[in-house]
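Hi,

Here is the structure I promised to pass on.

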Amino acid sequence: MKLEAQASESSLAKASSAESFSESQILEDKGPGTWSMIAWISEAQALEARAARAQAWETQACEAQIRASQPKQTSLDMGAAPVMKQELLPENVQVPQEEENEVLLTHPLWSNKAEYILTQAGYAVRPGNLWRFTFLWLHSGGCSFLVIYLFLLFLLGIPLLFLEMAAGQKLRQGNIGVWKVISPWIGGVGYTSFMVCFITSLYLNVINAWTLFYLGQSFQFPLPWEKCPLMKNSSGFGEEEVKDEKWGNREVEGNLEEEEGMRSDKEGEEDSGRKKKWEGEEGEGSGGGAKEEGRVTLSGRHVQSQVPSDPECAQTTPSLYFWYRMTLMASDRIEDGGPPVFSLSLPLFMSLCVLGAFMINGLKSIGKVICVLVSASYLIILCFLIRSLLLEGAVNGLQYLAVAEISSMYNVNVWCRAGNHVLFSLGLGFGAIVSVSSHMQPSNNCLSDAFVVAVINLITMLLVTPFIFSVLGFWATVITHHCSEKNTETLLKLVTLGILPPEAQPPPNLQGNPTSIFTSWFNSLSHSIQRKILSHVPECNLEKQFLKIRESTNFVFLAFTEAMSFIPGSSFWSFIFFLMSLALGLSTMIGIMQGIITPLQDVFSSFKKYTKSFTVGVFMLMFLCGLFFTRPSGIYYIILLNDHWTVLPIIIIIIFENLAVSWPSNARSFFADLAILWGHPIYPIIRWLWSYLSPIMLLILFVISLFRLSLKTKTYVAWDSSSSKEVIRDYPSWGLIGMFALLLVVILPIPTYFIYCLIHGIPSTPPAGTDLSPKPLPLSVQLTPIKEVQKEEILQGDVQIADQPVV
């Protein structure tokens with residue numbers, strides 16, 4: 001056994017001398033004419049030296065396992081030479097407190113690679129990113145936007161995704177500790193990333209609460225956002241629900257008109273007066289009670305006209321009324337306070353309880369849950385895609401998939417939007433990718449993982465986009481059909497009253513395709529008659545109606561929810577749609593919670609002893625903080641953070657993460673260590689992208705984003721209860737000041753930690769010769785209570801000594 005120990009020591013000494021020789025050769029041979037060839041030879045020599053070192057460690061570990069299997073206790077004494085001890089201990093060993101803390105710093109591993117890939121993909125596929133991609137496609141050039149997005153995805157997104165995966169996987173630490181090791185001067189970026197991740201998680205939990213609330217309401221038939229609530233008649237019997245109540249007062253509000261083409265208030269008052277005139281003649285003597293006269297529309301559908309119980313709902317659409325008044329109980333402006341809304345606080349608590357139950361047992365339960373959530377989400381997406389293609393008017397939406405605006409290729413704003421979406425669609429900068437990757441084997445090829453995750457994310461967006469376009473095409477078709485029917489009825493009454501000439505009388509039969517028949521008749525009229533008609537009724541334009549879709553946080557809960565209510569079997573389709581949205585939201589939150597819990601456990605190792613209690617405490621804190629966004633004005637704060645604040649800190653974080661690795665010395669060391677782990681060199685193009693292209697592109701993106709945000713008016717869409725309309729309001733000055741102050745707070749750790757390093761003399765890069773590669777695979781040890789732990793190698797002088805396995 002003494003001979004074996006001497007052989008191990010000799011192999012280690014040879015490996016160390018070979019490595020030191022290769023490093024000295026790299027430093028000496030820096031002639032400008034032969035730099036590239038010598039650098040390549042030096043890297044190859046360093047690679048061989050590190051491989052020899054790794055082989056020596058593997059040999060030593062195998063010898064340790066063989067000796068551990070011997071039935072007798074053995075000890076080695078090598079005199080003055082460094083000693084490696086091994087003792088047989090009882091089954092349950094009480095490890096000293098210091099050693100136990102060091103052992104608990106290690107991260108458990110994923111059961112298999114599939115769970116890891118699905119977790120990364122589930123985190124990246126955020127529901128809000130899917131809706132935003134559809135909006136950008138529609139309003140930023142169509143296929144031209146897709147080309148720009150793909151270009152930036154492969155040149156910027158995938159290299160940065162690989163960077164975060166490699167950092168976490170290589171160093172086996174959370175987001176806070178990784179950057180301190182790679183580049184100490186930029187170590188503060190980990191704290192910034194942690195704070196942004198925590199703030200984002202608060203309002204994402206509230207969005208999950210909205211989804212859970214709508215999911216619960218989907219069990220009702222008919223859906224509560226399909227029709228306005230009705231009042232009871234004087235006899236006390238409940239009246240029948242109105243079949244066309246889902247349309248609300250859409251025609252009176254002029255929702256089908258573009259904002260710049262709306263009629264003046266004076267014309268609106270005159271039109272309202274005329275309507276009141278014939279409504280008074282028809283409904284005279286009703287005494288203000290609910291009307292119960294039946295009528296047959298020109299398309300042959302029988303409907304009943306009744307007065308809804310709530311005047312607010314009568315002046316707007318049922319989907320808007322349900323969203324603002326029944327779900328959010330929204331205030332008229334952000335300045336209005338109020339306690340948390342109980343109907344949202346309960347779903348918030350339930351969603352956090354479900355999320356906590358998924359994560360309470362660590363990776364063992366997370367991996368299984370992610371497989372179910374992601375698989376179910378994609379199954380529902382495929383079902384929706386097939387069903388949406390069969391809807392009436394789906395082709396009216398699908399035609400926008402083939403639109404390509406060449407001018408968008410030269411538009412700086414389009415490039416900026418595409419670049420920002422690349423960063424957000426992959427979830428970069430939040431720290432979740434680093435934390436999730438820290439639980440993967442260091443030898444795993446994370447470059448291929450980055451490609452796989454990015455492709456899954458891209459395919460998901462390309463599947464969801466035609467599905468959304470088809471449903472919105474159906475929505476626009478149904479609304480314009482109804483608009484044509486209502487316009488025909490209105491024009492017939494106006495011609496009968498003599499307000500319009502006989503030439504303005506529409507065709508009596510609109511069965512089949514009301515929009516096409518009405519539009520053909522309208523286009524055949526003279527321009528003077530058309531102007532007279534448009535002064536009394538809104539224009540029914542399918543294309544304008546489709547393009548009214550705007551980017552907003554509440555897109556799913558307004559336009560898309562209303563569109564779903566028109567589909568036959570709306571309760572079933574609404575239920576599975578919100579089930580899909582909730583599954584995607586929970587998958588995203590699992591990744592974000594890993595970005596919160598893992599760094600905290602690395603910084604405070606004692607939390608790992610009480611993982612379940614610590615997890616419960618984090619979720620309770622998030623629930624209490626999330627109650628702020630369930631207040632009546634909470635939606636306006638979410639819009640402020642999501643649309644105006646998040647983009648700048650995320651770009652700043654990614655820039656500093658890129659700089660931490662792009663320094664020449666850091667890049668060479670980083671790639672050399674990865675080459676040792678993988679067994680082959682890394683492609684040089686990746687280093688070139690990290691060191692040159694990515695920093696320049698990120699800096700340009702930051703400047704353009706900052707310029708656009710400074711020029712952009714900070715407004716939000718609010719609910720006006722007096723008129724039952726959405727109105728645009730400006731954010732108050734104190735809100736903008738608070739947003740700026742919050743931005744300074746989250747980026748403050750970066751310069752603070754830099755100053756700390758300067759004061760304490762900490763170098764900008766790790767000392768020369770420092771090995772940042774992960775240690776050999778650890779061996780298990782049983783503690784009291786029994787735990788699986790890992791023992792790490794200990795550096796003593798120039799000789800590395802490994803503790804032998806303890807059983």
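Let me start with a loop: proline 222 sits between helix H8 (189-217) and helix H9 (250-253). Helices here are DSSP runs (H or I, at least four residues), strands are E runs of at least two, and both are numbered from the N terminus. The peptide bond leading from phenylalanine 221 into proline 222 is cis, with omega near -5°.

Before the rest, a word on what you're looking at. This is a predicted model, so local features need pLDDT of at least 70 and side-chain atom pairs count only at pLDDT 80 or more, while totals for chains, interfaces and linings use all residues. Residues are numbered from 1 along each chain as its sequence is written, and side-chain values use heavy atoms, with hydrogens and water left out.

The overall picture

The protein has 30 helices and six strands. Of its 807 residues, 51% are buried (under 20% relative accessible area; exposed is over 50%, partly exposed is in between, with a 1.4 Å probe and protein chains only). Taking contacts (heavy atoms within 4.5 Å) between residues at least 6 apart in sequence, 80% join residues at least 24 apart.

Salt bridges

Side chains of opposite charge can pair when their charged atoms come close. A salt bridge here is a side-chain nitrogen of Lys or Arg within 4 Å of a carboxyl oxygen of Asp or Glu, and the whole structure has four of them.

- Aspartate 449 pairs with lysine 113 at 3.0 Å, N to O. Aspartate 449 is in helix H18 (residues 446-496) and lysine 113 in helix H4 (residues 113-124), so this pair ties together parts 336 residues apart in sequence. Aspartate 449 is buried at 2% relative accessibility, whereas lysine 113 is partly exposed at 35%.
- Glutamate 115 pairs with lysine 368, with the closest N and O atoms 3.3 Å apart. Glutamate 115 belongs to helix H4 and lysine 368 to helix H14 (residues 363-389), so parts 253 residues apart in sequence are tied together. Glutamate 115 is buried, at 3% relative accessibility, and lysine 368 is partly exposed, at 47%.
- Glutamate 539 meets lysine 544 at 3.5 Å, N to O. Glutamate 539 is partly exposed at 32% relative accessibility, and lysine 544 is partly exposed at 33%.

A helix pair

Two packed helices are described by the angle between their axes and the distance between the axes. For helix H22 (residues 556-565) and helix H23 (residues 570-603), the axes come within 9 Å and cross at roughly 145°. The axes are lines fitted to C-alpha atoms, for helices over the stretch in contact, and the angles run from 0 to 180 degrees between N-to-C directions. Which residues of H22 and H23 meet? On the H22 side they are Val556, Phe557, Phe560, Thr561, Met564 and Ser565, and on the H23 side Ser570, Trp573, Ser574, Phe577 and Phe578. By class, the contact of H22 with H23 has seven nonpolar, four polar and no charged residues.

Phe342, Leu346, Phe349, Met350, Val616 and Met620 make a nonpolar surface patch of about 580 Å². Patch residues have over 30% relative accessible area and no salt bridge; nonpolar side chains (Val, Leu, Ile, Met, Phe, Trp, Tyr) are joined within 5 Å, and like charges within 9 Å. Helix H13 (342-359) and helix H24 (611-626) are the elements that give two or more residues to the patch, and H13 has the largest share, with four. Methionine 620, in helix H24, is partly exposed at 39% relative accessibility.

Arginine 172 has a positive phi, near 55°, in a residue other than glycine. Arginine 172 lies in the loop between helix H6 (143-171) and helix H7 (175-182) and is buried, with a relative accessible area of 18%. Methionine 329 also has a positive phi, near 50°. Methionine 329 is in the loop between helix H12 (318-327) and H13 and is partly exposed at 42% relative accessibility.

Cheers

Note on methods. Nonpolar A, V, L, I, M, F, W, Y, C, P; charged D, E, K, R; others polar. Areas by Shrake-Rupley, 256 points an atom, 1.4 Å probe, with all protein chains shown as cover.
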